[in-house]
Amino acid sequence: MVRASQATTFSSSAYFDDRGPHGTAQPITEHVNPHSRPIVSYFFPKGVGEHHYGERHPMKPHRLTLTNALVMGYGLDKQIHHIYNPRPATQAELEMYHDHDYIDFLSRVTPNNQNEMRHLIDTFNCVEDCPIFSEMYDFCRMYAGASLAGARKLTAGACDTAINWSGGLHHAKRGEASGFCYVNDIVLAILELLRYHPRVLYIDIDIHHGDGVELAFYHSNRVMTVSFHKYTGDFFPGTGKLDDNGTSLGKHFCLNVPLQDGIDDDMYLTIFKTVIEDTVTAFRPTSIVLQCGADSLGCDRLGAFNLSIAAHGECVNFVRKFNVPLLVLGGGGYTIKNVSRCWTYETAVLVGATIPDELPATVYDPFFRDSQWKLHPPLTGRVENQNSPASLQRITISIRNKLRYLQGAPSVAMQEIPPDLEGWLADEERKQEEIDEERGTVLAGERRSDRSMARNEFFEGDNDVDQDEGPVSVKRTVSSRKPRASGKRARGKARGRPSASAKEDGEEIEEVPVAAPPRSTKSRRTAKPRARARAKPVEKDKDVPDADFEVAADAEADAPTPVDLEIDIS
């Protein structure tokens, strides 16, 4: 109930409309389990809806205030895990994508000095669609900061879904404004996601082509852009043909779905679900950015589609079910009462709550009087549908053919943590093993001194086993059998290996120092490979435990060997 003291305002008009037989939605009172998944974060910069483009300008930031009022009126704030008032973006953060001169211009220009800066206003396209209004730079920092905050929460794993209805301004370019957009918060958020996510999928369901985002990543294979929009050649921004596929590394990573006026719910949902499912299967994104421009709804001031709020929300629900970190942004939408209802309904979809068709009582009841305070007013059937099933099938086949060229999702090599997160760590002296391990070398943690030598190569060095000087310790098993006569060369497989009977008897093994014989004068070039005894090099003064130098039984008896040792045992 409304108190008697609050029933009227200073203008003597009713504070709340008398709805008569029409009901009022009661707010949700049950709080969400803080440990439930998915974790949803809601970003609403305080005061972002108070800015004003101009009296006759179609862009009304006040729609954000309406949306937030309905979200709170339904009690959806109790179903949201975290609600943030994010800080504005800094100039350095804006310049991660935009040119310094352009951002500097936005920070200095005001309605009072715009005449003195007329030459720069023309240079940066801040005319007509993008006028100069009061506190314009602060407005840009607010919505961009909210999108960046959402991306940071996703990369940190603090939430699974981040919502920022003030963002989604997809037309802004690197060095100029365009289509009511001054700062491209979507590109900034994607760049933040790319610091940790190897592949980001951008989906745009605004009626206008997302040309600013597509242009930013036109050469990249780590971001796939998919835009569903109206395309006639002269409808703003005039881009987004079916044949626009990207270039260089980004070829086939740019998908456009051009549609005609009057598309209805069934056709739109069919092509949307088909294209998105095929794209997710082929690209396998690790995060998704969804731009939910509400000018694709029926009865929009600048749009020409026949979509209902339920169909628009079903697109959001379909993307949500992929269970991939999701950043949900606003965008276009110029019939503000429908925009606020649409984004409120989609907030409920994202948190998994069911809300009634009646709107809750808010201070903005007069905005919804003509629709009898309903969440889903009839919006379809106002424009003739110029799309045919054959044309949509042709688009679907073309998209699938492009996806075949991907040949698997691109991967990203492992890299160092980005410097801004590691800058607070002091440089420390590291050992060579740690440096090798960071570089990913196979020698990390070990040092090998083995020499590599070809068969026809002579070797002289500290590790040479054929050195002329120095005693060589050879293990010999004492056997009860009579040893061979001295002066005779031991040949065959019995040469140079311990006696098998000695192993069986288990007698002790003694080391007999033997002077190294002179190096054989026979050339290794003439030695037959099958007659070589492949033994592991033995360092000086080290024991060789039970080394087995057995050669194959079918080795030729008279084959010369690379090294012959004559051992005289007395």
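Trainee: How many aromatic pairs does a search of the whole structure find?

Mentor: Please note that the model is predicted. A pair of aromatic rings is described by the distance of the centres and the angle of the planes. Searching the whole structure gives a total of 19 aromatic pairs.

Trainee: Are the rings of Phe43 and Tyr84 stacked or edge-to-face?

Mentor: The ring centres of Phe43 and Tyr84 are 5.0 Å apart, and their planes meet at 20 degrees. Planes under 30 degrees apart count as stacked. The pair of Phe43 and Tyr84 is therefore stacked.

Trainee: How many residues apart in sequence are the parts that Phe43 and Tyr84 tie together?

Mentor: Phe43 belongs to strand 1 (residues 40-43), whereas Tyr84 belongs to strand 2 (residues 82-84). The pair therefore ties together parts whose separation in sequence is 41 residues.

Trainee: What is the volume of the largest cavity?

Mentor: Rolling a probe the size of a water molecule over the atoms shows where empty space is left. In the whole structure, two cavities of 30 Å³ or more are found. The second largest cavity has a volume of about 40 Å³. For the largest cavity, the volume is about 70 Å³.

Trainee: Which residues of the lining lie nearest the centre of the largest cavity?

Mentor: The lining of the largest cavity has 14 residues. By class, four are nonpolar, eight polar and two charged. Those nearest the centre are His170, Cys181, Gly331, Gly332 and Tyr334.

Trainee: Which residue in the lining of the second largest cavity is charged?

Mentor: The second largest cavity is lined by Tyr53, Met59, Pro61, Arg63, Leu64, Phe139, Ser166 and Leu169. This lining divides into six nonpolar residues, one polar and one charged.

Trainee: What percentage of the residues of the protein count as buried?

Mentor: The protein has 570 residues, and its secondary structure comprises 14 helices and ten strands. The share of residues that count as buried is 45%.

Definitions and conventions:
Residues are numbered from 1 along each chain as its sequence is written. This is a predicted model: local features need pLDDT of at least 70, side-chain atom pairs count only at pLDDT 80 or more; totals for chains, interfaces and linings use all residues. Side-chain values use heavy atoms; hydrogens and water are left out. Helices (H or I, at least four residues) and strands (E, at least two) are DSSP runs, numbered from the N terminus. Buried means under 20% relative accessible area, exposed over 50%, partly exposed in between (1.4 Å probe, protein chains only). Rings of Phe, Tyr and Trp (its six-membered ring) pair if their centres lie within 6.5 Å; planes under 30 degrees apart count as stacked, over 60 as edge-to-face and the rest as tilted. On a 1 Å grid over the protein atoms alone, a cavity is a set of points where a 1.4 Å probe fits but cannot get out, and a pocket is an open set with protein on both sides within 12 Å along at least five of seven lines; lining residues have an atom within 4 Å of a point. Grid points are joined across faces, edges and corners, and a volume is the space filled by probe spheres set on the points. Ala, Val, Leu, Ile, Met, Phe, Trp, Tyr, Cys and Pro count as nonpolar, Asp, Glu, Lys and Arg as charged, and the others, Gly among them, as polar.
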